[in-house]
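Work through the exercises below with the sequence and the structure at hand. Each task is followed by its solution.

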Amino acid sequence: MTAAAVRVRGPWRVCGWCVFAILVELGLYASYRGHDARFHWFTHAFVGAAAALAVMTVVVLVGRRPVARPLLWPMLAHVFAMTPDLLFGAGYVHRWWMNLFLGHIRVHFVPGRNWTWLVVYLAALAAYLVAVDRVRPPSVPA
Amino acid sequence: MSTERATSTVPSRRSLATVWVAAALASVVLFGVAGRLEGGRDDVDQAKQRVGFLDEGSLPIPAPLVASGLPGPGRPTVVLFLRPDDAAQECREVSRSVAASAALVAVLSGSAACAGVAGVLVDPEGRTAAAYGMRVPADGGPPVGYAVVDDRTMVRYRTLDPHPAANSREIMTVLDAL
């Protein structure tokens, strides 16, 4: 990839897939009926996003370029992490094997609860953004 | 590979920092707002409320009798824990949902009407709730929620739930899993 192929832009360009990802997240939030169920939305959003960002960081460092459609990755990981809750809504109680979905049950019981996952998520986001910054060609201004 | 795909975009360092700050602020604000929506009848530890799986923690444990010989063997029982102010409505609505699948009894922290249940125990001291291992809600008052007892009189599920009737589908899901 040549430096000429790289262009710098701000983060706020409106795009269809960004709007789609945000709308899906709003829908997922609304799917947790009851104020007390929203705790679970945050848990799986933070865990899913952190897992996706970890993968994205590796992809960026290996591929030497930012990932395409970066908002979709955390959203898809969030959907994966909360799959047992979708099943619960359909009448299937949680089982321990559902920890396969990014530790769906276990992640609720870490010390610090959702605050811990918020910190992990923000750390993963920072790592991803640093990785993106590191693949910037020297000829492109920071 | 098309020219468009080959073209990579690298936001400026300032933009990357802005993304992180915006994400952090949005997350903290949303998380904080959601936390403020929790009420006095919720569990202080939200991880322990409506967990969605059987036999959490020390469960199963033998179910203490509430009223009318219930919980008893041979049929699951739902034990409601309610406060007097909304007991009538909760009893009526929960009984509509679960009566066909389980026996229903109620433990009230004060005297109140409670139609549609097989038995009522008024327990201002909260001894029955304690025997069931119901957690103390955020306001320190009597627990509001329910326990699900299987047909061998073992408590398999318990949770605080400020509005059990609103989540009666969850009660049915738990009953189906016994």
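**Exercise 1.** List the contacts of Val148(B) and state whether Val148(B) is buried or exposed.

Step 1. Contact here means C-beta atoms, placed from the backbone, within 7 Å. Leaving out residues up to four places away in sequence, Val148(B) touches Pro76(B), Val78(B), Arg156(B), Tyr157(B), Ile171(B), Val174(B) and Leu175(B).

Step 2. The model is predicted: local features need pLDDT of at least 70 and side-chain atom pairs pLDDT 80 or more, while totals for chains, interfaces and linings use all residues. Residues are numbered from 1 along each chain as its sequence is written, with chains lettered from A and ligands numbered from 1 in the order in which they are written.

Step 3. A residue is buried with 20 or more other C-beta atoms within 10 Å of its own, exposed with 12 or fewer, and partly exposed in between. Val148(B) is buried because it has 26 C-beta neighbours inside 10 Å.

Step 4. Val148(B) belongs to strand β6 of chain B; strands are DSSP runs of E, at least two residues, and helices runs of H or I, at least four, numbered from the N terminus.

**Exercise 2.** Describe the largest nonpolar core.

Step 1. Such a core joins buried Ala, Val, Leu, Ile, Met, Phe, Trp, Tyr and Cys residues through C-beta atoms within 7 Å. The largest has 38 residues, and Val148(B) and Ala106(B) are among those with the most contacts inside it.

Step 2. At least two residues each come from β3, α3, β4, β6, β7 and α5 of chain B. β4(B) gives the largest share, six residues.

Definitions and conventions: Contact = placed C-beta atoms within 7 Å.
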